[in-house]
Amino acid sequence: MDEETRYEAVCSRDARFDGAFFFAVSTTGIYCRPSCPAVTPKRRNVRFFPTAAGAQRAGFRACRRCRPDAVPGSADWNARADVVGRAMRMIGDGVVDRDGVTGLADRLGYSARQVQRQLTAELGAGPVALARAQRAHTARILLQTTPLPVTDIAFASGFASVRQFNDTIRQIYARTPSGLRAESRTGNGTARGASSGSARTAGVPLRLALRGPYHHASVFDLLALEALPGVEEMTGAAGSRTYRRTLRLPYGTGFASVDERDAGPWLDARIHLTDPRDLSTAVHRLRRLFDLDADPIAVDQRLGAQPALTALVAERPGLRSPGAADADEFAVRAVVGQAAAADLVAEFGAPLDVPCGSLTHLFPEPKALAAHLPLAAALEDGSVRLDAGADRDDAEQALLAVPGVRPAEAALIRRRALGDPDVAVPGERTDDAWRPWRSYAAHHLGTACRQETTASGPAA
């Protein structure tokens, strides 16, 4: 998109571009999402940025009306396999907060200076600024949805000090942390003395933003089909189901629930954590699982124009290509199968300290399975890497070198665990015209096949 096309999107308040770019108004010092309901500014006063961090770095603060920090992420970061795309996926997963810029650069195979230069040149902000924008968004969520004390929120959000936290909140939101909390409609602004334990018990309620349309039924049907006893569960009737699963996270554990109900351009979720520092990582992994940063308009336009897929796209607009909440877990499950995975949970899974309903275990870590499964051994020793910023081509080749991993399984892992939107199914008919959305085409075909099988009944 050129700048004039972006301005047309701003004039029409087109929500399809929320998160794809941001615009700032030089006369007010505020930046917004394209769909902001405020009066459209004059073109000469508008600047465009590819990220919220870029706008913040240029000195603009977030609009209070459209909350530009709460938009879906750009679909580019999932589609791109270059250094910038990989870096953005890792920053979203919290790598900079945990390991710093040096840790990010080491995983990318570049120097810290090279990573800084590439991100700044393309996105208008380096890794520190991008991580800072994410920390600020996490802090706002915690301030407005939990009774955690402000000091606890500062460190839970990833800030190194309370002073840094206070300065960032004032700069980005033009509010003090207590003022930002007072704006919340949840009433948590009066609960300053509440404990961290009470916040964990209640969980953190969230609205996970998405671009419409979103075909809820197909995603929840697939997750219900795959649900692993003890680790996952699906409750409720079709159309109003709730998916719940346990989570192993960098600082602790937790579990999350996500509702199927079509209540708007978001999914309602609630996350329970043993350590609040894991919030941004947990959110990022749920977004990958439910494929919330996709551009469904672009996908449907491309695939809907293909004769073999036209009817399927018309029947299921906004069909997503679900990812995985835990890449290593999904890889093991893809290779061993559902029944064997359930046995692994029973024998090697770590039990939750406090079970919650039918959620009783975490899926076993690779090190617990390394002596029994070649893939788990490869994940444990690092010869196979499936983290958020892994090089997808390298990962697939490494998977194929593991005894027992077939090409179809490697492709499935690449599509789901690594979130690659353009993976062909080995041995099945594909069409280059489906690029760069072959993963979505595969889900269309798979969903149709499952529904036909269900409709035909046991006799089939």
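Guide: Residues are numbered from 1 along each chain as its sequence is written. The model is predicted, so local features need pLDDT of at least 70 and side-chain atom pairs count only at pLDDT 80 or more, whereas totals for chains, interfaces and linings use all residues; side-chain values use heavy atoms, without hydrogens and water.

The part to examine is an open sheet of 5 strands, with antiparallel pairing and the order β5-β9-β8-β7-β6; strands are DSSP runs (E, at least two residues) and helices likewise (H or I, at least four), numbered from the N terminus. Because β5 and β6 (232–235) stand at the edges with a single partner strand each, one side of each is left without a neighbour in the sheet. From one strand to the next the twist averages 25°, where angles run from 0 to 180 degrees between N-to-C directions of axes fitted to C-alpha atoms, for helices over the stretch in contact.

Strand β9 covers residues 266–273 and is mostly covered, with 6 of its 8 residues buried (under 20% relative accessible area; exposed is over 50% and partly exposed lies in between, with a 1.4 Å probe and protein chains only). Strand β5, residues 204–209, runs antiparallel to β9 and is joined to it by 6 bridges, while strands count as paired when DSSP finds at least two bridges between them. Within that pairing, Pro 205 has Arg 270 in β9 as its bridge partner. Strand β8, residues 253–259, also runs antiparallel to β9 and is joined to it by 5 bridges, and here Ala 256 stands opposite Ile 271 in β9. The hairpin of β8 and β9 has 6 residues between the strands, and in this hairpin Gly 264 takes a positive phi near 150°.

Helix α12, residues 216–226, packs on this sheet and touches β6, β7 (242–248), β8 and β9, with a direction that makes about 130° with that of β6; contact here is heavy atoms within 4.5 Å.

Strand β2, residues 30–32, runs parallel to β4 and is joined to it by 2 bridges, with Tyr 31 opposite Ala 62 in β4.

Val 332, Arg 333 and Val 336 of α16 meet Gln 338, Ala 340, Ala 341 and Leu 344 of α17.

Helix α21, residues 407–416, is mostly covered, since 7 of its 10 residues are buried, among them Glu 409, Ile 413 and Arg 416. Ala 433 lies in the loop between α21 and α22 (438–456), and it counts as partly exposed because its relative accessibility is 30%. Once neighbours within four places in sequence are left aside, Ala 433 is in contact with Arg 302 and Gln 306, and the C-alpha atoms of Ala 433 and Ala 305, 128 residues apart along the chain, are separated by 9.3 Å.
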